[in-house]
Amino acid sequence: MTTRRSPLALSLALALLALAPLAPAQEATQIPHIEGGIVVDGLLDESVWSQATVIDLPYEISPADNTPAPVRTTMRMATTRDALYIAVHAADPDPSKIRAHLTDRDSAFRDDFVGVMLDTFDDRRRNYEFFVNPLGVQMDLIREEATGNEDDSWDGLWTSAGRITAEGYDVEIRIPFSTLRFRDGEGPKRWGVIAFRAYPRSVRHQLANVTVPRGGNCLLCHASKFEGMEGVQQGRNLEVVPTLTITDAQSRDHRGGEWRGDGVRIEPGLDVSWAPSPNLTLNATINPDFSQVESDQAQLDLTSNFALYFPEKRPFFMEGADYFNTPFQVLYTRQIADPDFGLRVTGRSGSGAYGAFVARDATTQLLLPGVLGSSFTVLDQTSDVAVGRYRHDLDEHTSVGVIATARQGDDYSNGVAGVDTRWQKGRHTVIAQLLRSDSEYPAALADDVDDTSPAGNAWRASYDYETRNWFASAWHERIDPGFRADLGFIGQVGYEKSLVGGAYNWFFDKGSKITRVQFYTDFDITHRYDGQLLERELESKISVNGPWQSSFGVQGMTRERYWNGQLFDESYVNLFGSMTPSSAMQVGANFRVGPQIDLAASRRGQGRYFDIWGNFAFGRGLSANLDLFQQSLRRDGGTAFEATVLDARMAWQLDPRQRLRIAVQASNVDKDPSLYDEPVNRHGRDLGAQLVYSYRVNPRTAIYAGGTVGGFLDDENRELFASTRGAFVKLTYGWQP
């Protein structure tokens, strides 16, 4: 008889793997304390810079394999009582080829840039990233080591300046200690530091002060150690940000119809952030303004029955979001649609990291998952939300965590709780998670859900192996039919899925036009909870990295897919490619063709999909981003559907603080009603435009003003007409008493 280990036992076993001996301590470089002011203007002319620690960036870590850097980069680092100062001289043999544009914050990653990664807790779990392009445009992120995700939603308060010179470019940076979180104490602080430079030409050279071996699954393990910051002052760490939003939105049902709306709405709000210690941050918001200044990217998929995912863009939820990450997406904060208030705490305690928040939501939005599809619905009631997450590092290789989410309404409740673990050493990474949910839904949803009191488990376990050339992965997950994570984004339930895959990389010597070739393949199989085969899929891809920062290749897939009581054969061949031939242009395309299912008719046809996109710069401050994609399916002698979507955005960065942006989104869907048993719209079109002007002193103090207009047509409204319009002004002010 075979003994089967439960998911909980598996998670606990992984969490209690034998501990490995710690690596010997690395000798630290001292960061000197300096007196006297430094003007952050991009001119490295202050005499005190001669007292700073000098850091060379002698290695090219990508695409070359830790070879000598093609250009010289010298960084200097020093501290005062209240800030970290960094100066960089980036030499260039041909300064005319430097890529630099005036653009919005966090948007200059195609340019030349320099900066640092700071592991301020020296625990190899999480680090700050501060980068600056040659014109002083800032990019700041928080990187989570466990996932490799870089979150650019975090915006610190720091200053920078850059200047292009006859020898290259120079950059100065001042990072106040009040912007950072690090271990408390009177003595010297020990940080992990990686100095970094992006040098994009025909290939995107990445230079650093340390070597980073290929195939490594831990970047911060290779950071240099720096000591200093003794007796630094972090200030009061209190920030108060009042907001004022004024809107006027209107809509109508048909051409010539009466415009309806709530009139001019004035909504004041208040955000408060306080860090009573470096290990604890408290955030509160009252009557928050969660309106989005940037519109979502246009999406349309007629070959999937699952709800579409849109990323979070609201500052209160974006900041500190990495504290709540787990293998399953248990928290998707866009489910909190219209909150009245919110309170959040994040921090660290010894070897632990924690986060929690509560909110009152005026609208209860639900993602209703199923075996073959999912959709959103809304309950017309308020609900209370609570989320808690804690992760404990047993040592540098092993961590365990717990998470819980809860949402409660008048006759509705949903709760999720679980445990997860991660073990990473050398080439091996093991991750596992187990969750349990219990829910109660109102009788009003009886027609939309199979069970108004669902409950169930979800678990996942994965193993990754990575070397210089090889990568292998295997994982298995199971989600019961009654599992619900109403504050998360888990759109499919009632299935069990296994995947095994791997890749091999061929790297080419410096000077070759081709820098890397990769072959990847995987096989996965999915069964419904009752054993019915849902999908059996084999997928392979070969990709090539070449000149002009290009990536191109071919991908193929074949599968059996269950839909509406029968199995269909689907397959496709996908050609893809992208390149950046100059600092002013980045273009790419995908083209896919093959047999696929028309879900609305449960019939198979010949599908086609193409996507063409480009990012363009005109001079220093004008840019445009275009994305055009089309999806169609032919069957039974005709075209069942054809959908085209255009997303076009243009921005003019007048100066480092002022920006004017216009976005236009349009979609057109044509269907042949004679090819469907149920009635369908023959023709539909949507069109929307948004104009926004912004003036930002810093990430907290800004003014936004703009307007939107939208229109549509369908079989009942055969002429395109304006159906929505609106205007808004948003004011924010960051005050640090």
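## Pro63 and its cis peptide bond

Pro63 lies in the loop that runs between β3 (59–62) and β4 (67–68). In this predicted model, the peptide bond joining Ser62 and Pro63 is cis, with omega at about 0°.

## The annotated region

An unreviewed UniProt entry lists residues 40–180 under the name "domain: Carbohydrate-binding". In the predicted model, the chain over residues 40–180 is 46% strand and 0% helix.

## An open sheet of five strands

An open sheet of 5 strands is present, with the order β2-β5-β6-β12-β11 and antiparallel pairing. Its edge strands are β2 (53–56) and β11 (159–165), each of which pairs on one side only. On average, neighbouring strands of this sheet are turned by 15° against each other, direction ignored. In general, the strands of a sheet pair through backbone hydrogen bonds, in either a parallel or an antiparallel sense.

## Strand β6 and its two partners

Strand β6 (residues 83–91) pairs with strand β5 (residues 73–79) in the antiparallel sense, over 7 bridges.

One of the residue pairs here is Ile86 with its bridge partner in β12, Ile173. Why is β6 described as largely enclosed by the rest of the structure? The reason is that 7 of the 9 residues of β6 are buried, where buried means under 20% relative accessible area.

## Two residues with positive phi

Asp122 is found in the loop between β7 (113–119) and β8 (126–132), and its phi is near 50°, a positive value in a residue other than glycine. Asp122 has a relative accessibility of 23% and therefore counts as partly exposed.

Asn564 is found in the loop between β33 (550–563) and β34 (566–582). Phi of Asn564 is also positive, near 50°, and this residue too is not a glycine. Asn564 has a relative accessible area of 53% and is therefore exposed, the cut-off for exposed being over 50%. In general, most residues other than glycine have a negative phi.

## Ser723 in strand β42

Ser723 has its place in strand β42 (residues 721–732). Is Ser723 buried or exposed? With a relative accessible area of 9%, Ser723 is buried, because that value falls within the range under 20% that defines the term.

Neighbours within four places in sequence are left aside in the contact list for Ser723. The residues in contact with Ser723 include Gln250, Ser251, Arg252 and Trp259. Gly710, Gly711 and Phe712 are also in contact with Ser723.

Methods. Residues are numbered from 1 along each chain as its sequence is written. This is a predicted model: local features need pLDDT of at least 70, side-chain atom pairs count only at pLDDT 80 or more; totals for chains, interfaces and linings use all residues. Side-chain values use heavy atoms; hydrogens and water are left out. Two strands pair if DSSP finds at least two bridges between them. Helices (H or I, at least four residues) and strands (E, at least two) are DSSP runs, numbered from the N terminus. Axes are lines fitted to C-alpha atoms, for helices over the stretch in contact, and angles run from 0 to 180 degrees between N-to-C directions. Buried means under 20% relative accessible area, exposed over 50%, partly exposed in between (1.4 Å probe, protein chains only). Contact means heavy atoms within 4.5 Å. UniProt positions are given in the numbering used here, feature names are shortened, and annotations may be inferred rather than shown by experiment.
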